Each structure stands twice: as C-alpha cells, then as structure tokens.
Amino acid sequence: MLVDGLDTATAAPAALASRVGIVFQDPDSQLVMDRAEDDVAFGLENLAWPLEAMRRRVPEALSEVGLLGLARRRSVHLSGGEQQRLALAGVLAPGPGVLVLDEPTANLDPAGAAAFVERLGRIRAARSATLVLIEHRVDEVWPLADRILVIGRDGQPVDLGEPDEVVGRQGARLVREGIWLPVAIERTLRDREIAATPAPTASPPGASAALGRADAAPLAEVRAAAFAYQRGVPVLDEVDLRLAPGERVALVGPNGSGKSTLARLLVGLLRPDRGRVRLGRADPARLRAADLARQAGYVFQDPEQQFLTDRVIDELTLGLRPAERDLVPALAATLDLPLERFAERSPYTLSGGEQRRLSLACTLVRRPRLLVLDEPTFGQDRSGYEGLLAILRQRVEAGTCVIAATHDRRFVANFAGRVIVLERGRVVADGPAAGPDPALAGSASVRPASATWPAGAAEPTAPGRAR
C-alpha cells in the first residue's frame with residue numbers, strides 16, 4: 001500500500017502522519033490531552049510547528065468544526081458528538097493530503113452532521129485533500145463521492161466505480177448484502193422490483209401497539225432533576241420524566257443537550273445534584289449491582305466501556321443464571337452475531353457495529369424492565385439494524401420500557417411511540433410520535449430541535465410550560 005509514494009508497511013510514523021490524518025470510529029480513543037485546544041495543538045507540536053503558527057491554527061481548526069467557544073473545555077466533559085468534532089479538528093489542523101474518516105457523522109446531531117458534510121464538501125471542491133470515507137449515513141455523504149468501493153460480508157470487493165455505475169450494476173445485490181443506499185435510490189430500486197428486500201418505511205411498524213399505560217405505576221420517574229459536571233455549568237436542569245412499562249421512547253436533541261447524562265441518571269451511573277430519580281420505588285444509584293442489572297440495562301455510546309472479558313461467549317454469559325444462558329444462542333443469532341462464528345473472538349477485535357450489537361446482547365439477555373440505549377444504531381448495516389428492531393419490538397411486547405438517546409431519524413420513525421426533545425438540559429417537548437396539536441408542533445420551544453426529527457414525521461407536542 002502506497003500513500004504519496006510511501007510504503008505504509010515500512011515508512012516512519014512521522015512521515016505518514018504529515019501526509020495522512022484519520023478520524024477513528026470511536027473519537028475518545030484519539031483524544032490525549034485534558035483541554036480541547038491542547039488536543040488540537042498536540043499533533044502540531046509533534047510535527048514541530050512554530051509556536052506562533054500553532055496559536056493561529058488551533059482556533060481556526062476549532063472554528064471549522066464548530067467548537068471555538070469550547071477551546072478550554074475538558075475533553076472528557078464534551079458530548080460524544082463534540083468529542084468527534086474535536087478529533088476532526090486535530091486531524092484537520094496540519095492540513096494532511098489524505099483524510100481518512102471512519103463513520104465520522106455517527107455521533108453528530110443532524111445539524112452537526114450537515115455542517116460537517118458541508119466542510120468535507122469544501123475540501124472536495126478545493127481538491128485540497130483526498131477523502132477516504134467509511135459511512136452508513138449515506139444520504140448525507142453520497143454526493144461527495146467520486147468513486148464507491150463496496151465491501152461484501154466476506155471482506156472481498158463487490159464493486160468499484162462511480163456511484164451511478166455501481167448502483168446500475170449491483171443495486172439489487174447491495175441491498176441483499178445489507179448495505180445502505182440513499183433513500184431515493186432505494187425507492188427507485190424498489191419501484192423497479194430489483195431490490196430483494198424493501199427499505200424500511202417512514203411510518204413506525206407496530207404504531208398501533210400500546211404505548212404503555214399512562215395511568216400505570218411508573219417504571220422510572222425523574223423529578224426536578226439537575227446535574228452538572230462542573231460547578232455553575234448545568235448539563236440538566238429541572239427535568240421531569242415518567243416512564244411506563246411497554247413504552248417505546250426516543251430521546252432526541254442537539255449534541256450537548258444532556259441526553260447521555262439523563263440516560264445515566266436513569267440507571268444510577270450518576271446521581272442528580274438536585275431532585276430525585278426513582279426506578280420503581282428505589283434510588284437506582286443505591287441498588288446493589290446484581291439487583292440493578294435485572295431492573296435496568298444500559299448500553300453505552302462507546303461499547304468497549306462495558307466489556308470485561310476476552311471472548312464474546314464469556315461476555316455474553318458473564319454472571320448469568322442457567323436459565324438465562326439458554327437464551328444466548330438465539331439472541332446472538334437475532335443480532336447477527338452467530339456463536340459458531342463469534343464465540344471465540346475477542347470483543348475488542350470486532351467492528352464498531354458488531355461491538356454495539358454485542359453490548360446490546362449482553363444487556364438484553366438479563367431481560368431488564370427498563371432498557372436505556374445510547375445511540376443504539378451507530379455503525380449498523382441493514383441486517384444489523386433490522387435485527388435490532390426485531391429484538392426491541394419483542395421486548396416491548398413483553399413489557400420492557402425502551403428509551404433510546406439517538407440522532408438516527410430512521411430509527412425514530414421505525415420504532416418510537418413517544419419522543420422527548422432535550423435542549424440545553426431542559427425538556428422542550430414530550431409527546432407521541434404522531435398526531436400532536438398542530439399549534440404546539442410548530443411552537444418556538446420545539447423548532448430549535450426540529451432538525452433532529454425524521455423527515456415526514458410529525459413533531460411531538462410541547463409541554464404546557466417550557467422546561
């Protein structure tokens with residue numbers, strides 16, 4: 001493999017680093033400094049940039065990714081999407097000739113993803129760098145591509161060529177292989193009866209199913225909760241929330257709005273500074289770990305944070321009762337992780353999408369009453385996505401409440417019965433996924449978050465008093 005004439009197997013890392021920048025699928029794995037501006041400067045220092053040049057370039061790079069006001073923020077206190085933009089800023093700063101991006105928009109809200117893709121569009125238009133882009137959110141990035149390389153499940157190339165040519169030659173096979181295509185192209189293929197599997201529709205399957213009884217005792221309840229990682233900088237403020245058995249809830253909002261923080265409060269990983277959180281009648285932060293694991297399950301935004309063993313089979317069966325162990329093979333197969341292929345593999349060598357499904361399986365096998373998911377569809381191809389939907393619908397029918405923090409419009413449209421919109425740490429809308437009061441659906445309290453909403457779907461109603 002040659003990059004700018006250098007053999008990547010033998011070239012010195014410093015020589016490659018000045019030519020190639022990479023944004024990893026997990027941004028946290030490449031952030032090395034405590035403050036955002038220092039992380040951007042780190043790479044420039046290693047390339048021996050003069051001090052004055054670095055002082056000019058660091059704020060420019062932060063501004064290019066929309067983080068200029070967060071220059072002195074600790075990187076561990078940034079949201080997942082903000083961390084991804086910070087990783088991009090560090091890669092863009094030295095101006096590499098080749099830019100490799102692994103699922104760069106997966107943790108970004110729609111507005112952030114659009115701004116990021118626009119930035120890539122300017123790089124493409126200027127031809128200032130070669131872009132190598134790995135991405136499942138293809139609607140946004142498809143117009144950027146001069147060429148498409150399709151990799152099959154066996155790791156072999158399926159096709160390589162200009163986008164229209166590849167679709168013309170391989171459209172039906174791409175859908176069968178579980179590869180996402182832009183919605184307009186999928187619709188064309190379906191209309192021509194080429195695609196073997198129709199694309200998911202915009203209306204939620206099972207939308208007529210019960211959304212959970214509003215008059216039932218709440219499964220989880222948040223009352224006037226507030227939380228801050230840094231004194232004087234609230235991440236959540238005066239949040240009220242009730243969750244009932246059998247609900248399908250999407251938690252949406254811009255990056256930094258507090259979605260992940262609220263998710264962690266629900267399962268006791270954080271305790272509110274003010275207010276209270278209850279899981280049933282208990283404070284989840286005070287429950288014994290074994291009791292909590294069977295009451296509530298949490299799937300992290302970064303799956304590796306919850307892996308504890310070196311084999312997939314050990315991860316799936318860790319701490320299980322004998323009856324629960326019997327559920328593992330079927331559950332793994334449903335999530336496209338058949339044990340005959342994956343049992344002996346290390347969780348840390350799986351792809352990002354496979355890690356996400358494994359972390360979900362480890363939680364689902366315990367059949368928790370409350371299931372909290374942070375970006376559950378991150379990195380999923382079509383087959384993984386459909387397996388995820390199938391197992392979540394089964395659990396909801398059995399009475400599990402599922403609440404998912406997500407930016408995935410398709411997932412919201414296909415799964416959610418209720419949507420909660422967070423903005424700057426407050427709930428600005430909470431209601432059914434369809435059929436709100438038209439006057440409230442267009443209110444100012446909802447509009448700022450409407451960029452997160454699935455195209456063609458109604459927005460939720462705003463609460464009587466903006467929170």
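Trainee: Before we start, how are residues numbered?

Mentor: Local features in this predicted model need pLDDT of at least 70, side-chain atom pairs count only at pLDDT 80 or more, and totals for chains, interfaces and linings use all residues. Side-chain values use heavy atoms, with hydrogens and water left out, and residues in each chain, as its sequence is written, are numbered from 1.

Trainee: Happy with that. In the open sheet of 3 strands, which strands stand at the edges?

Mentor: The strand order is β3-β4-β5, with parallel pairing; strands are DSSP runs of E, at least two residues, and helices are runs of H or I, at least four residues, both numbered from the N terminus. Two strands pair if DSSP finds at least two bridges between them. Each edge strand has a single partner, so one of its sides is left without a neighbour in the sheet, and these strands are β3 and β5 (130-134).

Trainee: What is the bridge partner of Leu99 in β5?

Mentor: Strand β4 (residues 98-102) pairs with β5 in the parallel sense over 5 bridges. Within β5, the partner of Leu99 is Leu131.

Trainee: How many salt bridges does the structure hold?

Mentor: A salt bridge here is a side-chain nitrogen of Lys or Arg within 4 Å of a carboxyl oxygen of Asp or Glu. One of them joins Arg426 and Asp237 at 2.7 Å, N to O. The structure's total is 29.

Trainee: Let's stay with that pair. How many residues apart in sequence are the parts that Arg426 and Asp237 tie together?

Mentor: Arg426 lies in strand β16 (residues 426-432) and Asp237 in strand β9 (residues 233-243). The pair therefore ties together parts whose separation in sequence is 189 residues.

Trainee: And is Asp237 buried or exposed?

Mentor: Buried means under 20% relative accessible area, exposed over 50%, and partly exposed in between, with a 1.4 Å probe and protein chains only. Arg426, at 31%, counts as partly exposed. Asp237 has a relative accessible area of 17%, so Asp237 is buried.

Trainee: Which residue forms a salt bridge with Asp283?

Mentor: Asp283 sits in the loop between β11 (274-279) and α10 (289-295), and its partner in the loop between α9 (259-266) and β11, 12 residues apart. Asp283 is buried, at 18% relative accessible area. With the closest N and O atoms 3.3 Å apart, the partner of Asp283 is Arg271.
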